[in-house]
Amino acid sequence: LCRGGLAERLCRLQNRERSAISFWRHQCISDAKIPSDKSGVLMVRILEIFEECTIQVAICQQLEQSPATLSPEDAVINEEEPILKVLFTKETAAHLKSRPQDVIHIYPPWQKLLLRNADVPVIMNTYFSQKVLLSEHSEAREKTYGLTKMLIRKNIISLAQTFRLDDLDDEFHQESSENWVARAPQIHNKCDSKQHPLALSAVNDSLLEMVESQGAVGWREAQVRVVIQRVYCLPAKQGYRSHVQGNKPLCATPIMNTEPPNVRLCLLVQDAYGMFSEVQLQSLSSIDDIEQYWRRWEGKFCCLSGVKILQRTTRGRALGLFSLIDSLWPPVVPVKVPGQSQDSEMMTTDLPAPSFCYILTVQSGEVHVEVDEEEQISNLYQPPAVHSLKEILQIDGCNERCSFWAQVLYLRLQTKHSVPINQREILLFVTDSTLQNVVHMIPKVVAVSVTASCAVSMEIIEALSVASRLVFFKDALWGNGRIICVERTVLLLQKPLLCSAAGADLSELTGPVRLDELDSTTQANSICALRGTVVGVNESTAFSWPACDRCGNGKLELCPQDRELLYCRQCSEVVITPVLKMQLEVFLSCPSRSQSTVKVKVWHEISFSILNTVGLGRQRVQSVLGKEVGLLNCYVHSVTSHPNCVALEEIVLL
Amino acid sequence: MGSTLPAVAEELLKEIKKAFQESSHVPDDLLLGLKFIFGPCAVPALDLVDQHSVTRVTSPSGRVLYQVLGSSGKLYTCYSSCHFCTCPAFGFTVLQKSESLLCKHLLAVYLSQAMGACQELTVSEEQLTNILLAEEEDEG
């Protein structure tokens, strides 16, 4: 369906109407007596029924007063009572099971239509109709009738009768403005005791009310006051992350930002009743801005107005959103309970977790979010609970949001070539003092997978590619033994002002970082340290290449002017003395994993100083065999059991 | 007693035309009225209008017919002189079972007329005849 089109609008109206109908029907069943509020109720007595297509047409007499005063057996048509043609849909007709002489009460909102050349007005939209049984006799009769099927005449409509829409300019033009009578007032929902829930410029504190009265008079000016629980970015379309060049160790290659990020600023807000809503705001020109918004806005009150409903989503459909909502549940202060009169406000924290959430967006143009930055942090605000990595690894649960500080040791881009660069996952290897200081049973380093849906700012990626930095992971997801950063996770470099830190300052690492040693539990896509003896060399993998001695660029080109010389595009200069880089695959025998063949791709200068193989030749290879290698930091590419082999690549930690 | 529904449907469509001419907007009341009278084909018909799927095809002699691009990509022909559409739903629901006044394409034609959303196409006499005959061949 077209967004914003008529079909979509009717769909929405229809859904609302359907729920109003089923609510009303349910109310009719539970309220045994006729409601006393008679305003707008049409009372009719059916005289004749026939069918046209699936619509049931009932010729009726309109009753002025309650039919209880009339004799139920009175079949004489009082000539003064007006005649109406009441239309019922197939479904309403099946519900009513009307017969001639039945009395029907039709509750608003019904609609009246006056046809041009006919005297009899037509009543439509008769969903809220109820048959009224006047006496015991009628009830008994109803029961017997229920057993026999009534035959209703069906009018077949001629196809020759087309509709002519183009005679509006004739004399009937004046009359036509009265043809469509405004609908009778709608029954108010039982919970809604207020007369005008959205008086102009009144500030509301209920998101649900604001959302449900969308389209009503004065809705655009109404404001709702909420607390901003979280600030984050969501990708607007597919490509949102800036290009990161290549997947070789990043210290050699500068990061190039070739695509502007396509992200929107979003807020997760909560109202005084504890209800959540995600509000999608404007596009951000740079993800770096998110930090500013987070600092200034998170925890504060804000007034929203002129929001548009994008979607009403449920727990089953938006697991990510609800894992974040669950981390904020139950509320830290009592919230109001809806449905009670506003005088005696009930407050509670004992409510079931939310099962649905509205996703709102602001209309383009005017500013519709006013954040009270000067004001204090709201009591309702729940800052992210910060834990140590050791505590997180011990969390027993799935899809739990967690926040922590960690030192990033190594960064790797996933190398699936089928996926565009800006949608590749980043793998970060992190640690903190709680992991480093532990003797055994807990890994020293944890992998954090940053998925394509998590918006990460360039500032962070650049910072992480240069040196080891302390990063705050806000609302990451823990589950199935992995930490992942998804939508709504925010990565930050600075320390937040508010966070409930558990225990000592977790940010300082004392001493050099240690990795877990390669052993039988080592898995693929992890990092580890190893030591061993060289038992073989895979000569076919050995190659060397020149690199620029100034910037380290490994992709040198031949000079266009003089094909003997090398040229570095990044320095824009000829390279006189290139550095020779080498890559070689060696087989090691590691005592910590003695059953496996350990194959390591070594390339860094340090390891070559150990291996001492500048200029490979047969002799040099021989001299390498038997050499001790260790402690080498490596990334585990793969672990296979048949053959029992571990393939690694030497890495340099940040 | 003569039939009621066509007059009601016609009046409703006229109201929509009037409202649209006055304010370029169709009020909620009228949309719900469409749903009430036309039932399940109201929303699909509006969708066809949203997508400007209706073309009014005319020939120099003044003959008119409508072509509607259905959701499946098929082109259906609706007559202007009587209620007829080449779609299978019309044959079944309207002709055979008399369950509906119109199919979604015919309703879309009327709504497009009311809201000025018809695309216009002028063809030669021969081309228009071919369109009409092509339908006959399909049925044959």
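How many residues does the contact take from chain A and from chain B? Counting heavy atoms within 4.5 Å as contact, the answer is 53 residues from chain A and 54 residues from chain B.

Before you select anything, a word on conventions. This is a predicted model, in which local features need pLDDT of at least 70 and side-chain atom pairs count only at pLDDT 80 or more, while totals for chains, interfaces and linings use all residues. Residues are numbered from 1 along each chain as its sequence is written, chains are lettered from A and ligands numbered from 1 in the order in which they are written, and side-chain values use heavy atoms, with hydrogens and water left out.

**Stop 1: the interface**

Show both chains. Together they bury about 4700 Å², 68% of it on carbon and sulfur atoms; buried area is the accessible area (1.4 Å probe) that two parts lose on being put together, summed over both. Now select Leu159(A), Phe163(A) and Leu165(A): in chain A these lose the most area to chain B, together 18% of what that side buries.

Next, pick Arg9(A) and Asp28(B). They form a salt bridge, with the closest N and O atoms 2.6 Å apart. The term means a side-chain nitrogen of Lys or Arg within 4 Å of a carboxyl oxygen of Asp or Glu, and the rule finds one such bridge across this interface.

Helix 1 of chain A gives the most, with eight residues.

**Stop 2: a bridge within chain A**

Select Arg153(A) and Glu48(A), whose side chains meet in a salt bridge (3.6 Å, N to O). Arg153(A) belongs to strand 8 and Glu48(A) to strand 1 of chain A, and the two are 105 residues apart. Over all chains the count comes to 20 salt bridges.

**Stop 3: backbone details**

Most residues other than glycine have a negative phi, and most peptide bonds are trans.

- Lys97(A) has a positive phi of about 50 degrees although it is not a glycine; look in the loop between helix 2 (90–96) and strand 4 of chain A.
- Pro108(A) to Pro109(A) is a cis peptide bond, with omega near 5 degrees. Pro109(A) sits in the loop between strand 4 (103–106) and strand 5 of chain A.
- Trp329(A) and Pro330(A) are also joined by a cis peptide bond, omega about -5 degrees. For Pro330(A), go to the loop between helix 7 (319–327) and strand 15 (335–336) of chain A.

Note on methods. Helix = DSSP H or I, 4+ residues; strand = E, 2+ residues; numbered from the N terminus.
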